[in-house]
Structures are given as C-alpha cells and as structure tokens.
Amino acid sequence: MPLTTAGEIVGPAAKAGRGCAAFNAIQLEHITAIVDGATRAGQPVIIQLSHNAVRYHGSLAPIGSAALAAARAAEVPVAVHLDHAETPELVHEAVALGFGSVMFDASTLDYADNVRVTRDVVDACHEHGVWVEAELGEVGGKDGVHAPGVRTDPDEALAFVQATGVDALAVAVGSSHAMLTRDAELDLDLITRLRDRVPVPLVLHGSSGVPDDGLAAAARAGMTKINIATQLNKVFTAAVIGDLEARPGKVDPRKYLGAGRSSVADEVARLLGVLAA
Ligand code: G3H
Ligand code: ZN
C-alpha cells in the first residue's frame, strides 16, 4: 500500500461524516506501533510529528524519514503529517522530505497576523500539492497553559478559511492539550455550527482528554480529524514502568520499549475502533 496523504484520508472521512485518527509519534516505537495498530484495525491512519518532537530529536530528517519509510511499507494507507509547525522553515523542510501535509500553527498570533503568515505557508505548500491545516482559537494546554474556555467563532472560522485557503481547520471546542484525565466536555452544538459554516474538514486537538463516547459524539457532530498524543504516551509509559518493575536488574531496552510499543499498538487499534463504531 503506498504512502498516502492526510488529505486522501481526511477528505473521504469528512464526506462520509465520520472521524479519522491522527496519532503523534515521538520515537520509532510509536511509529511502528501506530502502523501495527492501524493494520490490525484495517483502517487508514495519520502519523504526525510535532515541532516539539522535532526539537527533541534536534532535526526533522531522521525521525521524518523513518515515519515515511514505515508508511511506504504499510499494508493500510498511512499518511505522514507535520503537526504544530511554528515556523515556515520547518514546513518547507517537511515538504522537501516528502511529507504530504502539514499543520501550521500561528494560533498565538493575532487574527490579522495569523491570516497573513498562514496564507504564505498555504501558497507555498499548494505549489507542491501539500495539504495544509491551520488553527483558529488557540486550543489550550501546551506549555502548561490550560484554557478550556477558549472557543472558535463560526463566522470568524469561515472568514479565516476563505482568507487563507487552508484545507482543514483546527478549532477550539472545549478540549485542551495534554490532559491526563479523560473528562473534557466538548461543545457538540458548537461543533455542529462550525461544521455547517466552515467549508473544510474540522480538526480536534487535545483529544486525549476526551472520553471514548465524547470522541464518537464529536465525530458524529462533524469533527473529522481527531488528534491523539498524550493517551499513547500514557499507555507507553505505564507499560515501560510495569516491565521495569516486573524485571528488576534487566537492562535490555528492547524488552521495556517493546512492552511500551505493544501497548501503544493495542491502544491505537482500540481507538480506531471507537471512531469507527
Ligand atoms: O496535535 C496534537 C494533539 O492535539 C494531541 O493532543 O496530547 O491532548 O492528545 P493530546
Ligand atoms: Zn494539537
């Protein structure tokens, strides 16, 4: 199965009114686990690498090339997406490496500046056939900021999409990044109003804080791309700790990283099932 693009996964899902999952990878074990889980579920999947993950590795190419190679070898359609890119330079690097989509995050800027810089990124990406997601109404939670009250206004969202030409829009509807509890309550009425007003697929960030039934309800209400990161890190870390505690004195990383990888694959398959239900 060839490497696909996020647009080729998100577009049909939006048309069909269902959700599709985008999972964040930090290291190779996440990448192979996401592909394994999607293969088991028999569903397409988006692997995304955030600007923060790139910072952790020091550069995009090693981890980005690994994700692209895993996607090319997969038995189900797999897209590789750049997530929360904060600079146009990183976007251009991802495009040159072969990424089919990017999320450019200028959501901390004021509206006019967000439009201006996002428009430039969209123009450059579209010249290469690359699909672009952007964000309006900053989803809280990154860097310890918790802003569950932030909401995206449907009229402003429509104007933003028209002014920038983005292919998908991340909106603030009640979720918050990096939550360790799964008790966020989404504004389903706002999701429906955004879906009716905005002509491109909607993206839910901070999905780890949303319980299973909330994710399914969000997809039914009109949310298409569901971004999940922290939930995978939670199960990965719990499995690594469990393995190290069960086998004191053992030092082979393949054992505890393998335990983490296998629990992430299980969770990916499970969450894809939740969205498909
Ligand atoms: O862009 C990635 C996501 O918004 C993930 O958020 O870590 O809360 O699942 P999360
Ligand atoms: Zn996010």
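**Close-up views of a predicted model**

**View 1. The zinc ion (ligand 2) and its protein donors.** Along the chain, the donors of the zinc ion (ligand 2) are spaced as H-x92-H-x27-H; donors here are N, O and S atoms within 2.8 Å of the metal (3.2 Å for Na, K and Ca), and sites may look incomplete, as water is not among the atoms. Helices (H or I, at least four residues) and strands (E, at least two) are DSSP runs, numbered from the N terminus. The protein donor atoms are His84 NE2, His177 NE2 and His205 ND1, lying 2.1 Å from the ion. Both His84 and His205 are buried, meaning under 20% relative accessible area, with exposed over 50% and partly exposed in between (1.4 Å probe, protein chains only).

This is a predicted model, where local features need pLDDT of at least 70, side-chain atom pairs count only at pLDDT 80 or more, and totals for chains, interfaces and linings use all residues. Residues are numbered from 1 along each chain as its sequence is written, chains are lettered from A and ligands numbered from 1 in the order written, and side-chain values use heavy atoms, leaving out hydrogens and water.

**View 2. Thr224 in strand E9 (residues 223-228).** Thr224 counts as buried because its relative accessibility is 4%. Beyond neighbours within four places in sequence, its contacts (heavy atoms within 4.5 Å) include Val10, Arg18, Cys20 and Leu202.

**View 3. Glu156 in helix H7 (residues 154-164).** With a relative accessible area of 36%, Glu156 is partly exposed. Not counting residues up to four places away in sequence, Glu156 touches Tyr111 and Leu136. Leu136 and Glu156 lie 20 residues apart in sequence and 8.5 Å apart in space, C-alpha to C-alpha.
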